[in-house]
Amino acid sequence: MDLSKAKTLLIVAFLGLNIFLGYKLWANPKSLWQGDVLTNEQAEQARELLQAHGFSLQTPIPKQIPQLALLHVARYTRPLSFWLNTFFPECEVQQRRSGQERIFACEHSTLVVYDNGRIVYKAKDSESIGVESSKAIAERYLREKNLWHNSLRFDLVVVDGMKERFRFIQTYQGFPLFFCLTEVDLVDGNVTDVKIDQVNPLRFAQQEVTVISALTAIEKFVEEGAQHFTDKTIVDISLGYYSQDYNASRWEVAPVWRIATADGKAFYINAFSGETEGSNL
């Protein structure tokens, strides 16, 4: 046996393994830092707790209890010229300021650009752009307006009478940023409203902490939030990041458990402390 050749093959094999593991850590840096997991009995306990409070479950109970870190973000803004060229490419625009808002009007539509970067567009004469499914129309509208980016993912649709609201959430390294929404409203397949709220994710903090379990989050939910929900169909229980709006250019965002119902309402529990982080009730 050629020992020199065997040693070379072993070195190459170990090098390949290290490269593979390094790539996995880079591509999904949190996946290798799994903490504990819920037992089947604990997951069943969570389901029974929700059912006891009148909720039906259309999503699984997450069993993962990973280690996560705070997320550093910065405010995301675009020049006014971008928004005006996007929504009013060939129109004489009237504008005025009201507090933290800059309001632009063109024919039958208005655009509000907030100082914190949020925008709200309303088309008084709704824009018809196709005959596909409503979700496809909403996504195609964002793409044609150059408002789509690869970090967006579909979250849910809320139906209110004739109006359908399609919600897309910004993500960072696979984690949903629940406070960064792009929403498109449709009536009879026509776009009537667009709302966009984004941040610029910078990096995770170095220190990681094991989060509370989904069971603990559900216990907090039924204790403080459940009574405020009229829709009893839970469509999502997941980990992500959530923040209130701060008057700052940069800040830190904590991980949360989100419990959301079919009507678009959601309750957020801080995944470190177990305290209520907020809601959109």
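Student: How many aromatic pairs does the structure hold?
Tutor: There are 17 aromatic pairs. Rings of Phe, Tyr and Trp (its six-membered ring) pair if their centres lie within 6.5 Å; planes under 30 degrees apart count as stacked, over 60 as edge-to-face and the rest as tilted. This is a predicted model, in which local features need pLDDT of at least 70 and side-chain atom pairs count only at pLDDT 80 or more, while totals for chains, interfaces and linings use all residues. Residues are numbered from 1 along each chain as its sequence is written, and side-chain values use heavy atoms, with hydrogens and water left out.
Student: What makes Phe-221 and Phe-267 an edge-to-face pair?
Tutor: The centres are 5.7 Å apart and the planes stand at 65 degrees; the limits are within 6.5 Å and over 60 degrees, so the pair is edge-to-face.
Student: Why is Phe-221 called buried?
Tutor: Its relative accessible area is 0%, and buried means under 20% (exposed is over 50%, partly exposed in between; 1.4 Å probe, protein chains only). Phe-267, at 3%, is buried too.
Student: Why is the pair of Tyr-242 and Tyr-268 called stacked?
Tutor: The ring centres are 3.9 Å apart and the planes are at 10 degrees, so the pair is stacked. Both Tyr-242 and Tyr-268 are buried.
Student: What makes Lys-135 a charge over the ring of Phe-154?
Tutor: Lys-135 lies over the face of Phe-154, at 4.3 Å from the ring centre. The rule asks for NZ of Lys or CZ of Arg within 6 Å of the ring centre and within 35 degrees of the ring normal.
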